[in-house]
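Trainee: I'm new to this one. Could we walk through it together, question by question?

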Amino acid sequence: MKHRELKPEIFWVGAIDWNLRNFHGYETRRGSTYNAYLVVDEKVVLIDTVKEHFFPEMLSRIKSVIDPQKIDYIISGHVEMDHSGSLPAMLKLAPRAKIITSPAGERGLKKHFGELPYQVVKTGDTLNIGKRNLQFVEIPMVHWPDSMVTYSPQDRVLFPNDAFGQHIASFERFDGQMPLNIITEEAAKYYANIVLRYGSQVEKALNAVSSLEIEMIAPSHGIIWKTHIEKILKLYWKWAKYETEPRALIAYDTMWGSTEKLAFALYEELEEAGIPTTLRKLSTTHITDVMTDVLESRLIAIGSPTINQDMLPTVGGFLTYLRGLAPRKRTGFAFGSYGWGKGGPERVEEMFKEMKFNLPVALFKVQYLPTDDDLENMRQVGEKLGTLLQSTSIS
Ligand code: FEO
C-alpha cells in the first residue's frame, strides 16, 4: 500500500479501518482511519502509529517512502492504543528511533509498554530535524491527559492528534474531496461523544494554537482540514463554549405507547412554535447519534415510563452516558408515564438536577394512558417551552 504526499516531504502513512463499526461504544458507521504521518527531513520523523493489527498496512505505506530503519524519531501525540498500538513493532524495525512524548505520555506509555527510549518534551519545546523546527504543545484531556500537538512552522501544518478528527474511512484525504456536510457531521459526532466533557481544556488548546499560522490540520482520524480550516476552528470554539441553538431534542422510550404519545404531542407543539426539534426513540436510535443531537440543542426533553419504580433501562443508559459527557448550559424537561408505582419521570428529573440543567417547567406525567386532556396539557407545556426557547430567558 502506498503513501499519500500531503506537502513536500510530508506523507500520510496511516491505515484505513473500513470495517470499524464500534469504537469503545461509539457507533462508527462510516468506519475510521488511524492517521500516521512521516516527515522526511535530515532526520526522519513518524508522527503517531496505528492500531496494532493495522501495523502491516502502515509499514507498507512507510516502505513506499523510505526504509523504516532510517526513522530517527517517533512522536507519540497520544497514548491511546489506536495511535500507540504499533509502537513496539515499529521500534523493532526502527532501532535508532527515540519516542518523543509529553511527561504524561511517558507515564502512560510506560504503563503500556514498559521502558522504551523516551525523550520527553513539554509545551514550548522544539525539535530540530534539519530544515524544520517542530514545536510541541501539550493539550491535556483532548482527549487524554497525555495529548500533545505537534506543529511544523516551516510547513504551517498542525498535527493535533484526536482534536478536529472524525471517524470516516475513505480514500479521500482532504476536506475538499468530500461533501463538507458529511465531514462536519462526523466532526460534530466525534466532539459530542469524545470531547464534550472537556470544553475548558479545548478552549485552552484553541488558545494555545491560536497564534499559529495554519495551512493544514492533520488529525489522527479521518479527513485532513485544508480548505475549511476556518470552519472547523469556528465550530470548535462554539462547542468548547457550550454554545447551543434554540432547538430541541426529545429522547424517549415507551412500554405501551403512553410516553410516546406525550413525546409526539410535545414534538408537534414545539415544531408549531417554530422550534427545530429532533425526536429520537432510545430503543431504536444509537446513543452516539442522540448524543450528537445534544451538542447544539438547548432543550433536552427526556421521556420514560416507569418500571420497577425507575426509568426504562434504555433511558437510564442514555442518561448515564449523557451525565458522563457533562453538557452545560442546557434546559431539561422530564416527562413520562406510570401505573401503580411512580419513579420513571422522577428519576429523569433527578438526573437533570445532578447535571445542573435549568428546569423551568415541572415534570409532566400521566397514569397508564394519556387522556385527551393530558395530551392537551402536554401541548400547553410544549407551547410554554417553545416560548421560553425563543426568548433569552433560558440558557
Ligand atoms: Fe484516537 Fe483518544 O484516541
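Trainee: Which residue forms a salt bridge with lysine 131?

Mentor: Good place to start! A salt bridge here is a side-chain nitrogen of Lys or Arg within 4 Å of a carboxyl oxygen of Asp or Glu. For lysine 131 the closest N and O atoms of the pair are 3.1 Å apart, and the partner is glutamate 9.

Trainee: How many residues apart in sequence are the parts that this pair ties together?

Mentor: Lysine 131 lies in the loop between strand S12 (126-128) and strand S13 (133-138), while glutamate 9 is in the loop between S1 and S2, so the parts tied together are apart in sequence by 122 residues. Helices (H or I, at least four residues) and strands (E, at least two) are DSSP runs, numbered from the N terminus. As for the source, this is a predicted model, where local features need pLDDT of at least 70 and side-chain atom pairs count only at pLDDT 80 or more, while totals for chains, interfaces and linings use all residues. Residues are numbered from 1 along each chain as its sequence is written, and side-chain values use heavy atoms, with hydrogens and water left out.

Trainee: What is the phi of glutamate 9 in the turn?

Mentor: Strands S1 (residues 4-7) and S2 (residues 10-12) run antiparallel and are joined by three bridges; two strands pair if DSSP finds at least two bridges between them. They form a hairpin with two residues between them, and in that turn glutamate 9 has a positive phi of about 75 degrees.

Trainee: How far apart do the C-alpha centres of domain 1 and domain 2 lie?

Mentor: The chain is divided into domain 1 (4-240) and domain 2 (249-387), with bounds from an automatic or database domain assignment. Their C-alpha centres lie apart by 38 Å.

Trainee: How many salt bridges does the rule find across the interface of domain 1 and domain 2?

Mentor: Aspartate 289 forms a salt bridge with lysine 189, with the closest N and O atoms 3.6 Å apart. Across the interface of the two domains, the rule finds three.

Trainee: Which element gives the largest share of the side of domain 1 that touches domain 2?

Mentor: Strand S5 (26-27), helix H5 (180-195) and helix H7 (229-240) each supply at least two residues of that side. The largest share is six residues, and it comes from H5.
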